[in-house]
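Open the structure in your viewer and keep the selection tool at hand. This tour tells you what to pick at each stop and what you will find there.

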Amino acid sequence: MITQQQARNLHLAAQGLLQAPARAAKRSDVAASVQRMGLLQIDTIHVVARSPYLVLFSRLGHYPRQWLEDALAQGQLFETWAHEACFAPASDLLHHRAYNRDGRKHWGLGKAEALHATQRPHLDKLLAHIAANGPVKSSDFERPEGSKGGAWWAWKDEKRWLETLFGRGELMVRQRDKFHRVYDLTSRVAPEALLAEQGGHAPTGVQAHQQFITQSIAALGICQARWVNDYYRLKPRLKDADLDALVADGTVVRVDVEGWDAPGYVHSAHAALLKKALKGQLLASHTSLLSPFDPVVWDRERASTLFDFDYRLECYTPEPKRVYGYFVLPILCQGELIGRLDAKAHRSEGVFEVKALHCQGPRPWSELQIKAVAQALVECAQWHDTPTVNISQCRAKGLKLALQRAVKMASVQASPSLPQSAA
């Protein structure tokens with residue numbers, strides 16, 4: 001039997017969030033972190049750093065954001081539809097192409113197939129243009145007067161055609177230019193993948209589906225069967241019986257977890273971590289602000305069961321109906337999710353604003369937790385180049401003043417310049 005906290009720590013260890021980074025980040029850590037997670041979800045909201053950068057910061061500490069874009073441009077990562085739009089490690093390219101083609105049911109892929117069926121001549125013309133003239137961005141094409149960006153149906157034709165060709169795998173994202181996608185022919189971005197497919201050396205959709213089941217379990221550290229499918233957006237949702245074969249061949253281990261009404265599953269690659277967890281040797285010491293699109297919280301049911309933390313993204317909820325705020329960051333503190341804060345980085349003023357902070361549950365924060373959260377706030381604010389932390393509102397009696405004092409002390413103790421990241 002594994003306790004709830006031991007399960008949490010195992011999950012955080014697999015995700016790279018159990019302990020604070022032991023050294024300055026290296027360039028290679030970006031691709032390695034995505035490899036460990038399996039996916040890095042993309043979102044464009046930037047009231048604070050865009051989500052993929054923030055997810056990496058929570059794990060790596062201070063690092064140059066450009067490293068993520070460099071990893072994409074150098075072919076260490078690629079973009080795909082998966083959980084949603086995601087960066088994924090290059091080693092998984094053929095599996096994602098196979099599953100996108102043969103198994104994954106996603107609105108982005110569905111839209112691509114529908115448009116392909118009705119507008120193939122336009123797609124071929126755009127492909128010919130890219131073949132002759134090189135990579136393109138959506139902004140390379142003039143927008144019809146009066147049209148607006150936003151949802152799929154409001155995009156200009158060229159943007160929808162580019163996304164269609166991307167969804168079908170005929171185009172890939174070669175790089176990002178100020179976070180805008182730069183599209184190129186797959187034959188130029190990943191020629192080896194096409195050769196493998198043409199030579200019959202690529203996995204089938206069924207094989208990719210099985211691979212993503214095991215990778216989901218590994219990425220999560222410990223999970224219930226019903227949580228597996230959400231990670232890579234697999235269909236259908238799994239039951240315990242669906243994992244019997246993996247248990248029988250030793251790929252995964254079935255364990256009992258205190259308080260769970262279903263068994264947990266741990267990948268054999270984490271056998272050593274499981275032993276440490278059972279002995280109480282996995283100690284959670286890391287405190288960080290998480291992105292709303294962090295794998296730890298992107299499955300509402302899983303976050304609720306693992307951390308007793310009910311989290312719902314509210315940026316797409318009308319403002320009068322929001323409970324916590326527009327872009328709320330969960331607060332991870334030494335193995336627990338102890339609160340959430342609505343943040344905004346005022347870059348021109350150099351201010352990191354905590355618009356509202358909410359504690360989780362009735363238990364007040366300890367002095368140690370206040371100090372740890374203050375340090376995490378200061379470090380996150382410095383990385384944003386907004387070193388002044390301004391706490392506007394706190395929904396726990398007495399916490400605002402204590403946290404302000406701790407933030408002031410952490411700011412004084414912090415180095416005036418960011419730690420140097422390794423090349």
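This is a predicted model: local features need pLDDT of at least 70, side-chain atom pairs count only at pLDDT 80 or more; totals for chains, interfaces and linings use all residues.

The domain assignment gives domain 1 as 4-65 + 209-279. Domain 2 is 311-414. Colour the two separately. Their centres, taken over C-alpha atoms, are 25 Å apart.

**Where the domains meet**

Now select the residues at the boundary. On the domain 1 side, 17 residues are in contact with domain 2. Domain 2 contributes 18 residues to that contact. Together the two domains bury about 1500 Å² between them. Carbon and sulfur atoms account for 66% of that area. Which three residues of domain 1 supply more of its buried area than any other three? Pick Ile45, Val47 and Val48: they supply 38% of the area that domain 1 buries against domain 2.

How many salt bridges cross the interface of domain 1 and domain 2? The rule finds zero there. A search of the whole structure, by contrast, finds 26.

**A salt bridge within a helix**

Show the side chains of arginine 120 and aspartate 124. They form a salt bridge, with the closest N and O atoms 2.9 Å apart.

**Two packed helices**

Next, select helix H2 (residues 28-37) and helix H3 (residues 51-60). Two packed helices are described by the angle between their axes and the distance between the axes. Here the angle is about 100° and the axes are 11 Å apart. H2 and H3 are therefore roughly perpendicular to each other.

Show the side chains where they meet. From H2, pick Asp29, Val30, Ser33, Val34 and Met37. From H3, pick Val55, Leu56, Arg59 and Leu60. By class, this contact of H2 with H3 has six nonpolar, one polar and two charged residues.

**A loop with two backbone features**

Last stop: the loop between helix H11 (228-232) and helix H12 (244-248). Most residues other than glycine have a negative phi, and most peptide bonds are trans. Select arginine 233, which lies in this loop. Its phi is near 55°, a positive value in a residue other than glycine. Then move along to proline 236, also in the loop between H11 and H12. What kind of peptide bond joins lysine 235 and proline 236? The bond is cis, with omega about -5°.

Methods
Residues are numbered from 1 along each chain as its sequence is written. Side-chain values use heavy atoms; hydrogens and water are left out. Axes are lines fitted to C-alpha atoms, for helices over the stretch in contact, and angles run from 0 to 180 degrees between N-to-C directions. Helices (H or I, at least four residues) and strands (E, at least two) are DSSP runs, numbered from the N terminus. Angles under 35 degrees count as roughly parallel, over 145 as roughly antiparallel, 65 to 115 as roughly perpendicular and the rest as oblique. Contact means heavy atoms within 4.5 Å. Ala, Val, Leu, Ile, Met, Phe, Trp, Tyr, Cys and Pro count as nonpolar, Asp, Glu, Lys and Arg as charged, and the others, Gly among them, as polar. Domain bounds come from an automatic or database domain assignment. Buried area is the accessible area (1.4 Å probe) that two parts lose on being put together, summed over both. A salt bridge is a side-chain nitrogen of Lys or Arg within 4 Å of a carboxyl oxygen of Asp or Glu.
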